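Please look through the structure below before reading on.

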Amino acid sequence: MPDPNGFLRYDRRLPARRPVPVRISDWREVYPPAGEELIREQATRCMDCGIPFCHDGCPLGNRIPDWNDLVRTGSWDSAVDTLHATNNFPEFTGRLCPAPCEAACVLGIGGGDAVTIKQVEVEIADAAVARGGLAPQPVPTPTGRTVAVVGSGPAGLAAAQQLARAGHAVTVYERDDAIGGLLRYGIPDFKLEKEHIDRRLAQLAAEGVRFRTGVEVGVDVTARQLRAEYDAVLLACGALAGRDTPATPGRALRGVHQAMSHLVAANRAVAAAGDGKVPGAVLPDGTPIDAAGKHVVIIGGGDTAADCLGVAHRQGAAEAVG
């Protein structure tokens, strides 16, 4: 059973972020890894409620009280298994999810401090890598069925993994030059370093999933062709059309861009640089879209706007306001 006094003995704590002057000088993740002592302390705050509302708050139905208690008792291998039972890629969600589970945590009722569920999740996911990597789970007996998955974002990759583990031969089609969808080119490295994607792709490939990049379904290959070649076709294309405001005065002026144009160009520049100096970001037609030395105004206040703000600072904007 859980520690009934854990939430009384420990306050909510998160690992300290990297200092601002340091983190805006590179593209590495903002949060450093938390120590095991801190994570076990925070997991101990979970009360394993009779009605755990965090289950309802989590879109995946993660077994949050279960893996919190496993972390509390130091049963990391079991915590890894329990987390993966409902989540193919917890290292993604642990870094990127807005954590509605924490908003639903009983400890947050009445102005209290919720359990640091998201931080515990990402530490379990990272522990899976540290404690032996992400072992592939190939099936011994294939079904002989074939499936095409269109789109390589988190939904497409999760579906591909589940289908491959069911014994089907899966091919993922991606119109970009690299697998990952918005995980790859939409989300900045300071929120998700791309080694996490590459590690999972290696696991999927070892499980038999094939990847075809640079193939735009509907242009390079038709839906009819896919239906003829595969037993089933799964569409996991995502929604890439931004919300434009063409009637806004000044929208057509030079230097006014959609957020995703800015983020994708910046991500491509970072990917091309590797560990070297990041070149200026440009649009596909060669138009510069780099914030270096510029005064930047960001319209919007959600996650995408915050990503644009972080990118602008790292590109060396003279000023960035939203």
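At which residues does UniProt place the feature "domain: FAD/NAD(P)-binding"? The unreviewed UniProt entry puts this feature at residues 146–317. The model shown here is predicted.

Next comes the backbone. Most residues other than glycine have a negative phi. Asp48 is not a glycine, yet its phi is positive, at about 50 degrees. Asp48 sits in the loop that runs between helix H3 (36–44) and helix H4 (53–57). Ala99, also not a glycine, has a positive phi of about 60 degrees. The loop holding Ala99 lies between helix H7 (90–96) and helix H8 (100–104).

Are these two residues buried or exposed? Asp48 has a relative accessibility of 37%, so it counts as partly exposed. Ala99 counts as buried because its relative accessibility is 9%, and the cut-off for buried is under 20%.

The last topic is the space inside. Searching the whole structure gives three cavities of 30 Å³ or more. The largest cavity has a volume of about 100 Å³, and 16 residues line it. Nearest its centre lie Cys46, Cys49, Cys54, Cys105 and Val106. Helix H4 and helix H5 (64–72) each contribute at least two residues to this lining. The largest share, three residues, comes from H5. By type, the lining of the largest cavity consists of 13 nonpolar residues, one polar residue and two charged residues.

Methods: Residues are numbered from 1 along each chain as its sequence is written. This is a predicted model: local features need pLDDT of at least 70, side-chain atom pairs count only at pLDDT 80 or more; totals for chains, interfaces and linings use all residues. Side-chain values use heavy atoms; hydrogens and water are left out. UniProt positions are given in the numbering used here, feature names are shortened, and annotations may be inferred rather than shown by experiment. Helices (H or I, at least four residues) and strands (E, at least two) are DSSP runs, numbered from the N terminus. Buried means under 20% relative accessible area, exposed over 50%, partly exposed in between (1.4 Å probe, protein chains only). On a 1 Å grid over the protein atoms alone, a cavity is a set of points where a 1.4 Å probe fits but cannot get out, and a pocket is an open set with protein on both sides within 12 Å along at least five of seven lines; lining residues have an atom within 4 Å of a point. Grid points are joined across faces, edges and corners, and a volume is the space filled by probe spheres set on the points. Ala, Val, Leu, Ile, Met, Phe, Trp, Tyr, Cys and Pro count as nonpolar, Asp, Glu, Lys and Arg as charged, and the others, Gly among them, as polar.
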